[in-house]
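Q: I'm new to this one, so could you walk me through a few spots in the backbone?

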Amino acid sequence: MFQKGETVLLTGSKNFLITLDGEMKKVKGLGIVDSERILHLEEGEEITIGSERFRVYTPSLEDLLENMKRGPQIIGLKDASLIISLCSLRADNIVIEGGSGSGFLTTMLANAVFPGGKVISYDRNETHQRIAEGNVRSAGLTDVVEFRIGNLGEDYEGETDAFVMDIPEPWTALPHAKRVLKSGGHLCVYVPTVNQLEKIVREMREAGFWHVKALELLSREMVVHSGGVRPDFQMLGHTGYIIHGRGP
Ligand SMILES: C[S@@+](CC[C@H](N)C(=O)[O-])C[C@H]1O[C@@H](n2cnc3c(N)ncnc32)[C@H](O)[C@@H]1O
């Protein structure tokens, strides 16, 4: 059975996320739903709402992220996944991250270090960080995230396993990354332009980071019909570049 307060995915011809507070809920595109009825169901059970049948599941991270409130430009699933892999994150790691922005990357990082690790997420804009906090809360990951207002990493004391930056001028936070990263710790930077990529790679090398490399990840969805299988005509051509290096 699902727990009161939990968010579930209703999947049918369309997907809907519903938080189960036991009340009647007005769901856009679906109508009025009695969330008390869903509370008594098991994972994967069917429910009929109006004339449509749905299955009820615990939402995946992708489902939650798709429905998150947006503020500043987010890091998408593909780039966040690569950052997590390059940083080799494990469930006991300490990660410094910023700017929190809309909290997309924060949520992905928190999910990777849950339940034993910690993400310390910085933003110097309080309004942005409130959005990030709300999104982390709706993903149920509040316990592994500490939000701080201020310049990325500036007031942090202690050692970290990874330092992840999505700020317009990442070189300004490089001295803090160097100071707090364990030797061999992972620095990952996300930037949208080649100019930023060139500057941060040069500065990382000058600061003594090793094994510095820059990557771009392209992802293309496949359309699968009984008459044929082909790549989707629509494709997100550019998101950003990821630069990774190991601490001196
Ligand atoms: C593009 S957004 C980050 C989006 C976030 N990674 C996500 O996936 O939702 C960049 C954020 O960095 C913040 N920022 C810019 N420079 C900063 C700095 N030096 N320290 C902390 N935050 C900074 C901005 O206020 C903004 O909220």
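A: What follows is a short chat about some strands, loops and peptide bonds in this predicted model.

Q: Let's start with S12: how many of its seven residues are buried?
A: The count is zero for strand S12, which covers residues 210-216 and is hardly covered.

Q: And which strand do bridges join it to?
A: S12 is joined by five bridges to strand S15, residues 241-246, and the two run antiparallel; within that pairing, Lys213 stands opposite His244.

Q: What is the phi of His211 in there?
A: His211, which has its place in strand S12, takes a phi near 55°, a positive value in a residue other than glycine.

Q: Is His211 buried or exposed?
A: His211 counts as exposed because it has 9 C-beta neighbours inside 10 Å, and the cut-off for exposed is 12 or fewer.

Q: Switching topic, where are the cis peptide bonds you can tell me about?
A: One runs from Gly98 to Gly99, with omega near -10°, and Gly99 sits in the loop between strand S7 and helix H4. Another joins Phe114 and Pro115, with omega about 5°, and Pro115 lies in the loop between H4 and strand S8.

Q: Which strand pairs with S3, and how do they run?
A: Strand S3 (residues 24-27) and strand S4 (residues 31-34) run antiparallel and are joined by four bridges, with Asp34 in S4 as the bridge partner of Met24.

Q: What lies between those two strands?
A: Three residues separate the strands of this hairpin, in which Gly29 takes a positive phi near 85°.

Key:
Residues are numbered from 1 along each chain as its sequence is written. This is a predicted model: local features need pLDDT of at least 70, side-chain atom pairs count only at pLDDT 80 or more; totals for chains, interfaces and linings use all residues. A residue is buried if 20 or more other C-beta atoms lie within 10 Å of its own, exposed if 12 or fewer, and partly exposed in between; C-beta atoms are placed from the backbone. Two strands pair if DSSP finds at least two bridges between them.
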